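User: I would like to go through this structure with you piece by piece. Could you take my questions as they come?

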Amino acid sequence: MISGYVRNKDNEPLEGVSVELKDSGFNTRIASVTDENGYFEFSENSGVYPFLTAVKEYGKDYLEYWAHNVDLSGGRSFDIRIGTNEIYGLGVHSVDGARYPLFLYFRPMNLKKYLAGDSDIAPGIADDSVCVKVDDVETDVFSLQRIKECVSEDGDALTAYLVQLKTPSSRWERIQIEICDLDGEVGMATVFNPYCISRQGAQF
């Protein structure tokens, strides 16, 4: 079983948030809804799912939270915050032989910029507005590098970021990243190491 809480940027509990486990085609397989305390749970205790999302009034007041490689048998707990930012496409890359081998790549999105029709919908974020936890321990970052990610053959691009973590180990089970933009709005995502997950009963 996994469970957790969903809060807003002010750490207030959010009722009525849809929390869903999805397969590789982004189809919802199991769903839950937060209660008045922002609490949700899944009673199932087996299966691995590529995605878990949490969202309320998507595109109106909030964007989504994403978690990747979620194992129901792990007995995990989640502490989620959602706001008008979204961290999409979070990935972890380990460089063999590097002294500080872990890099995070993600593409952030901002609801206000999307609704305004901006061509680049990434929020403005600074080095000190990124919080990363590796296995629940806050980890410093060396750098936040702005990347141009092309999204069409014509060269249309969105802003993505590459973050190098200040940790000497490539061994990890869970990495969580939260951004707080220049307007104080938040976005969060989590990725679990697929090599730490039993493939028995996987729902990929």
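User: Which strand does Ser94 lie in?

Analyst: Ser94 lies in strand S8, residues 85–94. Strands here are DSSP runs (E, at least two residues), as helices are (H or I, at least four), numbered from the N terminus. The model is predicted, so local features need pLDDT of at least 70 and side-chain atom pairs count only at pLDDT 80 or more, while totals for chains, interfaces and linings use all residues. Residues are numbered from 1 along each chain as its sequence is written, and side-chain values use heavy atoms, with hydrogens and water left out.

User: Why does Ser94 count as partly exposed?

Analyst: Ser94 counts as partly exposed because its relative accessibility is 31%. The classes are buried (under 20% relative accessible area), exposed (over 50%) and partly exposed in between, with a 1.4 Å probe and protein chains only.

User: And what does Ser94 touch?

Analyst: Not counting residues up to four places away in sequence, Ser94 touches Pro101, Leu102 and Ser170. Contact means heavy atoms within 4.5 Å. The C-alpha atoms of Ser94 and Val186 are separated by 26 Å, and the two residues are 92 apart along the chain.

User: Turning to confidence, what pLDDT does the chain average?

Analyst: The chain averages a pLDDT of 91, and 96% of the residues score at least 70. This score is the predictor's confidence in each residue, from 0 to 100. Over residues 198–204 the pLDDT is below 50, and this stretch has 16 contacts in the model beyond near neighbours in sequence.

User: Which elements have the lowest and the highest mean pLDDT?

Analyst: Among the elements of the chain, S12 has the lowest mean, 92, and strand S2 (residues 18–22) the highest, 97.

User: How is S12 joined to S13?

Analyst: Strand S12 (residues 141–150) and S13 run antiparallel and are joined by nine bridges. Two strands pair if DSSP finds at least two bridges between them. Within this pair, Ile147 has Ala160 in S13 as its bridge partner. The two strands form a hairpin with six residues between them, and Gly155 in the turn has a positive phi of about 95°.

User: What is in contact with Phe78?

Analyst: Leaving aside neighbours within four places in sequence, the contacts of Phe78 include Ile2, Tyr5, Phe40, Leu52, Tyr65 and Phe192.

User: What volume has the largest pocket, and which residues are closest to its centre?

Analyst: The volume is about 290 Å³. Of the 16 lining residues, Asp79, Ile80, Lys133, Gln176 and Met188 are the closest to the centre. On a 1 Å grid over the protein atoms alone, a pocket is an open set of points where a 1.4 Å probe fits, with protein on both sides within 12 Å along at least five of seven lines; lining residues have an atom within 4 Å of a point. Grid points are joined across faces, edges and corners, and the volume is the space filled by probe spheres set on the points.

User: Which strand gives the most to that lining?

Analyst: S7 gives the most, with five residues.

User: Lastly, where is Glu138, and what is in contact with it?

Analyst: Glu138 is in strand S11, residues 137–139. Glu138 counts as exposed because its relative accessibility is 55%. Leaving aside neighbours within four places in sequence, Glu138 is in contact with Cys131, Val132 and Lys133.
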